[in-house]
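Keep the sequence and the 3D view side by side as you read.

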Amino acid sequence: MSSDIRPFRIAVPDGDIEDLHRRLAQTRWPDVPRDPVWDDPGWEYGVSLPFLRELCAYWAGEYDWRGREEMLNTFDQYTTQIDGTGVHFVHVRSAEPGARPILLSHGWPGSYVEFRKVIAPLTDPLAHGGKAEDAFHVVVPSLPGFGFSGPTRARGWDTRRMAHAFAELMGRLGYEHFIAQGGDWGASISHWLGLLYPERVDGVHLSTVALRTEVAESFADTTAQEQESLERYRRYYETGAGYVAIQSTRPHTLGVGLDDSPAGTCAWILDKFWDWSEHRGNVLDSFTRDELLDNVSIYWFTRTSTSAARIYYEAKAAGTNVSRQPAPPVPMGAAIFPAEISRPSLRWVQQSYDVIHYERLARGGHFGAYEAPEEFVAAVRGFRRELEQRC
């Protein structure tokens, strides 16, 4: 391992935890109509205020950050400097001699903690229902500007630049060949890795596959499933994509509120976990309170809400949206979760990628590895087996 890489352990100062509790206790909650005919609107106007207040009360009282910190510190973690910025990552090597390296990249508003449940099954498949030939060496970075990588302090950290940084990281770890896997912005990073480093990236596996409406609408014989996917995608842009406009144009204006108010940070992130996961109206059908707050707490304690939001601005400024880029010349796998924003059909995906493995999964949503880890692991293993046959 490169000497530029240093071991890392999470150790949030006691004062930061006390400050969090103090701020939560002093939250100024929004005023809402008190007319007798006013019913609780639930999530119609955005985050459910009763649910958020309950979750923040739990965060301030029963949530045990020290216990969660201890759990997260059971993974081997490291930090390094690449291209002038910090990169935090988990690196767990498999004991199996035939293990293949895989890079797992998260997006917004997630964090590396999304992959917490899949690390052991991927690295030790014999203990988790798999075969020795399913083993991976797993690398899970925190995106530059996110979480324990710390805030970025320079312009230009779009996903293309992150792809270069992650290729450098994998090289420092001794992995000249690897599989790139990702969802959300991590899917964009994985796409760029396959495009920029086809001689090193053996394959790209995506759990968020961009739906290109011009491709979808080019087919005259749209199926009922495809039509439903199109309607879901259009509904998202009509009612749920306001955050994109804000973060791609005014991330610092938003960031002042997020980095000053833990309740505000929680609301901004929770809204997406509710909207993008699979449940019957209760996000706790998909995640525990602790799981939701682990992710929110990482943003809060590292003060990276603003720098994480900047990825939208940088991507727009650089024009590096992967929907405008050519397909990477490497094999591709797609895991389509039922509650994902974008759910393109196989024939739609084939217009953009060399697809060797496509699977519509039984459950899960945008944060698939966190919400449905068994399905995620099975999909990654399936892609790897197809890749072995291709190679």
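This is a predicted model: local features need pLDDT of at least 70, side-chain atom pairs count only at pLDDT 80 or more; totals for chains, interfaces and linings use all residues.

**Notes for a first look**

1. The strands β2 and β3 belong to an open sheet of 9 strands with mixed pairing, and its order is β1-β2-β3-β5-β4-β6-β7-β8-β9. At the edges you will find β1 (6-8) and β9 (354-360), each of which pairs on one side only. On average, neighbouring strands of this sheet are turned by 25° against each other, direction ignored. Helix α16 (residues 373-390) packs on the sheet and touches β4 (100-105), β5 (136-141), β6 (178-182), β7 (201-206), β8 (331-336) and β9. The direction of α16 makes about 155° with that of β9.

2. With β3, the pairing is antiparallel over 4 bridges, and Phe89 has Pro141 of β5 as its bridge partner. With β4, β5 runs parallel, again joined by 4 bridges; here Pro101 stands opposite His137 in β5.

3. Which way do the residues of β5 point? Phe136, Val138 and Val140 point one way, while His137, Val139 and Pro141 point the other way. In a regular strand the side chains alternate between the two faces of the sheet. Since 6 of the 6 residues of β5 are buried, this strand is largely enclosed by the rest of the structure.

4. Next, a pair of helices. Two packed helices are described by the angle between their axes and the distance between the axes. Helix α5 (residues 159-172) and helix α6 (residues 185-196) pack at an angle of about 65°, and their axes are 8 Å apart. That makes α5 roughly perpendicular to α6, and α5 passes α6 in a right-handed crossing. On the α5 side the meeting residues are Thr159, Arg160, Met162, Ala163, His164, Phe166 and Ala167. They meet Trp185, Ser188, Ile189, Trp192, Leu193 and Leu196 in α6.

5. Stay with helix α5 for a moment, where Met170 lies. Is Met170 buried or exposed? Met170 is buried, with a relative accessible area of 0%. Leaving aside neighbours within four places in sequence, Met170 is in contact with Pro101, Leu103, Val139, Tyr175, Phe178 and Arg200. Met170 and Val380 are 210 residues apart in sequence, and their C-alpha atoms are 19 Å apart in space.

6. Finally, a loop residue. Where is Asn73 placed? Asn73 sits in the loop between α3 (65-72) and β2. Asn73 counts as buried because its relative accessible area is 10%, and the cut-off for buried is under 20%. Apart from its neighbours within four places in sequence, Asn73 is in contact with Arg9 and Ile10.

Methods
Residues are numbered from 1 along each chain as its sequence is written. Side-chain values use heavy atoms; hydrogens and water are left out. Two strands pair if DSSP finds at least two bridges between them. Helices (H or I, at least four residues) and strands (E, at least two) are DSSP runs, numbered from the N terminus. Axes are lines fitted to C-alpha atoms, for helices over the stretch in contact, and angles run from 0 to 180 degrees between N-to-C directions. Contact means heavy atoms within 4.5 Å. Angles under 35 degrees count as roughly parallel, over 145 as roughly antiparallel, 65 to 115 as roughly perpendicular and the rest as oblique. A crossing is left-handed if the near helix is turned anticlockwise from the far one by less than a right angle, and right-handed if clockwise. Buried means under 20% relative accessible area, exposed over 50%, partly exposed in between (1.4 Å probe, protein chains only).
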